[in-house]
Amino acid sequence: MAADSTVAPTTLGERAEPTRRKNVHLSDFVRYRGGTGMVAWALHRLTGLGILFFLFAHVIDTSLIGWAPEAYNAAIALYRGAFFRIGEILLFAAVVFHGMNGLRIVIIDFWPQTTLLQKRLFWSAVAVSLVLFLPAAAYMAICMVRR
Amino acid sequence: MNNTRWARPESLLEVYSWIFMRVSGVVLVVLALGHLAIMHLINNVDIINYDFVVHRFVGPFWRTYDFILLWLAMLHGLNGVRIMIDDYLIGRGWRTLALSVLAVVGVVFLTLGSLVIVTFQPLAAGR
């Protein structure tokens, strides 16, 4: 959006800042050393997007139940393949992390004094996520291999 | 600027959005993890089929659970994308286009999902 740099700031929209803004590049992201907070923020967006895209697919596959039993069973049969089972494990990781990091955000937002503990809270979210995720992932992997 | 005062929000919509993300997020931790545990661990894709869903949707409990989960997850996700669009799409035209597409996608998927959960009736001809 090169054109925007020539537009007066006030016409950029109500959310635009008074300073001139430029597009965000990957190099900015690497250079900006935000530490755990930045990692958490990036992972939260990434996992959120991933979960939403799965949700779209999930609404479509479930809607087949109102279409025909054969159509629904065929869609579920697709989910039994190795590709989707590995995807299912990744979905677990995404949901568990997004949820635990979300709780970390809620804690910091409602009890601002916990900002001082934000690094410890991040690693706690990671730890709780792993405790929830690893046994589930191991079990799903066993189910996948044993089938 | 007076630093002792809270910043005035740009619009009340953003305040409601902020509250919604936190409230729905906490509820979703319970509902989504519960859904994952029941449908992916206790049961899984080897067990789930048409008959399984017919059995599951006999009473109103799981329909209600799924309906609340669908709406909270969809609105939470769509609102998250709305915030991302506001963050990354600075051009007014592109942003309006993206927000419009997002709104259409949201209406389509929420309608489709709700219709399935509310109107599903097992086939009388039974399988």
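Predicted model: local features only at pLDDT ≥ 70, side-chain atom pairs only at ≥ 80, totals over all residues.
What percentage of the 147 residues in chain A is buried? Buried residues account for 35% of this chain, where buried denotes a relative accessible area under 20%, exposed one over 50%, and partly exposed the range in between (1.4 Å probe, protein chains only). Residues are numbered from 1 along each chain as its sequence is written, chains are lettered from A and ligands numbered from 1 in the order in which they are written, and side-chain values use heavy atoms, with hydrogens and water left out.

Chain A contains five helices and zero strands; helices (H or I, at least four residues) and strands (E, at least two) are DSSP runs, numbered from the N terminus. Of the contacts in chain A with a separation of 6 or more, 59% join residues 24 or more positions apart, a contact being heavy atoms within 4.5 Å.

The largest nonpolar core comprises 30 residues. Such a core is a set of buried Ala, Val, Leu, Ile, Met, Phe, Trp, Tyr and Cys residues joined through side-chain atoms within 4.5 Å. Among the residues with the most contacts inside this core are A:Leu52, A:Phe56 and B:Met74. Two or more residues each are given to this core by helix 2 (35-63), helix 4 (82-110) and helix 5 (118-146) of chain A, together with helix 1 (12-42), helix 3 (60-88) and helix 4 (92-119) of chain B. Helix 3 of chain B supplies the largest share, nine residues. Apart from neighbours within four places in sequence, B:Met74 touches A:Leu52, A:Leu55, A:Phe56, A:Val59, B:Phe109 and B:Leu110. A second, separate core of 14 residues includes A:Tyr79 and B:Val45.

The contact between the chains involves 49 residues from chain A and 45 residues from chain B. The size of an interface is often expressed as the accessible area lost when the parts come together. Here the buried area (accessible area, 1.4 Å probe, lost by the two parts on being put together and summed over both) is about 4,200 Å², of which carbon and sulfur atoms give 68%. Three salt bridges, each a side-chain nitrogen of Lys or Arg within 4 Å of a carboxyl oxygen of Asp or Glu, are found across the interface of chain A and chain B. B:Asp46 and A:Arg85 form a salt bridge through their side chains (3.2 Å, N to O).
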